Amino acid sequence: MDFFGHQEQAQRRTYALFMWFGCAVIVVVFAVYAAVTAGLFAGQLFQGDSFQSQTEWLQVRSFWNEARFFWVSTATVSLIIAGSVYKTHQLQQGGGAAVADMLGGKRLPSNVEDVLAKRTLNVVEEMAIASGLPVPPVYILNQPGINAFAAGFSSSDTVIGVTRGAIEMLGRDELQGVIAHEFSHILHGDTRINMRMMGLLYGMTLISDTGMLLLTARHSERYSSRQRGTHPAMLVLGFLLFLVGLIGMMMADLIKRAVSRQREFLADASAVQFTRNPEGISNALKVIGGYKEGSQVRHNDASPMGHFFFGNALKRLAVGVKATHWWASHPPLLERIRRIEPHFRGQLKTVDQKNKQQRVLAEASVGFAQSMPVDAQPIETTINDYQRWLASVGELEEAKLLQAAKQLQQMPDRLRNFAHDSYTARAVCYALLLDTNDAQRHIQMSLLEKSADKNVLREMLDIQREVMDLAVELRLPLIDMMLPALKAMSLLQYQVFVKNIRILIKADHRISLFEYMLQRLLLRHLKPSFASIQLRQVKYRKVQDLSAECGCVLSMLIACGSHAEPEVLFKTVTSEILGASMPWPPARALHLTRLDESLAKLECAAPSVKKALLMACMQVILADGLLHVKESEALRAIADGMDCPVPVI
Amino acid sequence: MEVLLILLAVILGLIVWVIIIYNRLVKLKNRFQNAFSQIDVQLRRRYDLIPNLVETAKGYLKHEQDTLQKVIEARNHALSAMKKASKNPGDGKLMQALSGAEGVLGGAMINLNALTEAYPDLKADQTMQQLTEELTSTENRVSFARQAYNDEVMFYNTQREIFPDVLFSAMFGFHLAVLFEVTNAEVKEAVRVNF
C-alpha cells in the first residue's frame, strides 16, 4: 500500500475509532444507570420510609424509569464529552511536545555534545531528511527501560522520545531500527490517530475518578465530626461508579488495542524495509527481551499513553517467558521477533547491562565522526518513472537513507554546527535570504541592522560564504535540519525572528520562489511550537471541488520549468491525470498569496485528491525531461503544504 | 437530593477547572526548564574553552600566574554551580549561586583581557585569537539562551500570579522561578568608583 492508501486507511480507522467510542459510551451509560439505580435503592434500604423526596425519579419503584435514565445519561454523556473535549484541547495546545512533557521528557538540545545523545540526534536527522519530513525535536525520558515513542498531530508538531535505557543499551543499528519503527508510525498516520484517541478516551476514565471522589469526599479534617463521612448510599454509589468506571477504562483499552495493536507489526515490517536491515530491529527486540528492565516506563501517566510506545511500557516481561498477554497494548516480543526473523527459535538471552553499555559507548565514540557508511553503491538519482517516485512518497528506502547521510556529510561541518544551535541557526536563515545582487544585499543588511541583534549580524557575515557556496540541492535539507534548534526559541525571540525574515524577503519588493518556500516551510513548521494546533479535517473529496486551486498550483509549477507550450501542457495534464478540464489561469492571477490560499485548501483534500495532484505535478516536471532546482523546490513546497512527505529526489 | 446533584455538578466543574490551571502551569514550567538545558549546553562549551585559553596564555604570562589561577578557580566554581542549578532550574538559591559564580568568572575574564592588552605577542598569537573569537561567540550564545530562559520564566511567573492560578500555585508547589541575570562585573566596578 502506498502513502495515500495508508492515509485513506488512517481516515477509516479514525471513523472506526469514533464508532467504537460511541458504542463504549452507550455501554457505560447503561452501566452508570444500573449503578445509580442500585445506589438509590441502597439509600431506600438504609433509611426506610424517611427517605422521601419531591423528585419522583429518585425513588426506586421499578428498575426502569425514563426520567431517571434521562438525567443519568445526560450527566454521564456530558461528563465524558467534557473530558474528551478538555483533553483534546490540551493536546492541541502542546501537540506532540505535550505528550513528551506529560511523560517527564526533557528536550535534547540539538547542539548537545554528549556522544550517545549526538548519535541519537544524527539517526533521527538522517531518517527525517531521507523521508522528506521536517526533523522532529528529540525528547529524552530518564528511564532505565528501553523504549521510544513518536507523538504529534502533523509533521510540524511531531516529536520523538527515547528513554535513556534505549540510547545507552542499543547499538547504532538497533537504535536505527527502533527509530525507523517510530517513523513508520509518523508516515502512516498512526501518531495522529494516537493523539485523537488519547483525547477522546480520556473522558471514559473520568467516571471512575468521580466514583473515587464520592468514596473519599468529606473525609477531610475541615468538617466537624458530625458532618464528616459520607452518606452510606453515597458510598455504595461511589463504589459502583468506580466499578463502572473500570469497565469504561477496560473498554478504552480494548479500543486502543483494536485500533493500534496490529499497527506494531506493520511498523516493525516498515522498519526493516526502511533500513534494509532486519537485524537492527530484531536485535533491539532481543535486547529488550533479555534486559532486566525490559521496555518498562515507570511513570504515573505511562498507562494512558501505552499505545504511543515502541514496546510494552507497562508490564515487565520476564526474561525468556512466553508472554501472550492478550490485554497488552503491544504484541508479545517473541512473536514480533519471529515475524521479522521467521527462523528464530532461540531463547532470549539475558543481557549483561554493564557489558552492553560499554560496547555501545565504544561503538558510538568510534563512529562519532562519520555517521553512516556511505560507500555502498552509486545511487540512481535520475527519476524516469513518476509512478515509482510516487510510490516512494511517505516511504523510506535504504538507498534514500544512504543518500541523506551522504548529503549531510557534504554539508560543511561549520554550517552543520551553526544549524544545530538556535542562536546561530537564525544567522543561517538570514544568510540564506541574502540577495546575490550587491546593491540589494546592501539594502537588506541596512534594514537588518535596525531590527536584528548586531551579534547575529556578525555571525551571519561569518557564515555567509559557506551558505553561498552550498550546493542548491542541500538548501532544503539545511532548512529541515534547523527546525529543532529554532523551535527552542522563546516566543519573543520567535516573533523578532519572523519579523526579520519578512523584512529580508520584502527588501527587494518581490518574492522569489525560494524565499516563498523558505518562509512557508519555516512558519508552517515552527508555528505549532508557539501557538495552538488546528486540526485538519477532510473537506474536499473530488478534484472538481478544488479545480481552481489545482490549476493555480500546476500553472505555477509550469512557470518554474522551461516548457515550450505551457498552455498545452496544462491542458493535457489536467485532462489526462486530473480528469477535469480547467481554464488556464492568466499569469497575472498567479500571485503567491493566491498560492498560499490554494495550498491551505488543498491540505483539507482527501488523500486520493492529493495523490492525483502530485502525479500531475510530477508529469509537469518530467515533461521537458529536465529537473530544475526551482521545480524541485516548488514541488517540496506544494507537497509539504499538503502534509505529504516527499523524499529527496 | 436535587440540591445535592447540583452541588455534585458544581464540584466536578471546579475540579476540571483546577486541573486545567494545574496543567497550564506544568506546561509553562516544562518550557522554562527545557530552556535552561539550552543555557546548560552553551555554558558547558564556555567552561571547556576557558582552560584552553588559559593554557595558551600560560606560555606568555609567566609572571601572572595569580590571575590565571583566579580564572581557573572561578571557572571551576561556576561549573559546579551550573551543575547544581541544572538539576532544579529556577530555584532561587541555586540560580543566585550560579549568577554570582558567573559574575566572578566574568570579572576574572575581564582582568585576563586587560592583561592581554599589555602583551602584544600574546594578542597576536593565532590560537589565542581563535579562542578569543570563539569565546566571544559563545558569550553571545549564552546571552541568547539566557534571554530565552528568562522569557519563559517571565511567562511562567506571570501566569502563576494571575488571579485564579495564584490561589493554587503555591499549593501545588509551583514556586516563583528566578531569572538568570549575570551581575556585570564592569558595572559593579564603575559603581565602586562613584562611591
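**View 1. The open sheet of chain A has 4 strands in the order 1-2-4-3, with mixed pairing.** In this predicted model, local features need pLDDT of at least 70 and side-chain atom pairs count only at pLDDT 80 or more, while totals for chains, interfaces and linings use all residues. Residues are numbered from 1 along each chain as its sequence is written, chains are lettered from A, and ligands are numbered from 1 in the order in which they are written. Helices (H or I, at least four residues) and strands (E, at least two) are DSSP runs, numbered from the N terminus; two strands pair if DSSP finds at least two bridges between them. Strand 1 and strand 3 (148–151) of chain A stand at the edges with a single partner strand each, so one side of each has no neighbour in the sheet.

**View 2. Strand 1 of chain A runs antiparallel to strand 2 (residues 138–141) of chain A, joined by 2 bridges.** Look for A:Arg107, whose bridge partner in strand 2 of chain A is A:Tyr139. Helix 6 (residues 172–187) of chain A packs on the sheet and touches strand 3 and strand 4 (159–163) of chain A. The direction of helix 6 makes about 20 degrees with that of strand 3 of chain A. Axes are lines fitted to C-alpha atoms, for helices over the stretch in contact, and angles run from 0 to 180 degrees between N-to-C directions.

**View 3. Helix 1 (residues 2–58) and helix 5 (residues 126–161) of chain B have axes that come within 8 Å and cross at roughly 165 degrees.** Helix 1 of chain B is therefore roughly antiparallel to helix 5 of chain B (angles under 35 degrees count as roughly parallel, over 145 as roughly antiparallel, 65 to 115 as roughly perpendicular and the rest as oblique). The residues of this contact divide into 20 nonpolar, 7 polar and 10 charged. Here Ala, Val, Leu, Ile, Met, Phe, Trp, Tyr, Cys and Pro count as nonpolar, Asp, Glu, Lys and Arg as charged, and the others, Gly among them, as polar.

**View 4. Where chain A meets chain B, the contact takes 26 residues from chain A and 23 residues from chain B.** Two residues are in contact if their C-beta atoms, placed from the backbone, lie within 7 Å. On the chain A side, helix 2 of chain A gives the most, with 4 residues. By class, that side has 10 nonpolar, 10 polar and 6 charged residues. The predictor gives the complex an ipTM of 0.78 and a pTM of 0.76.
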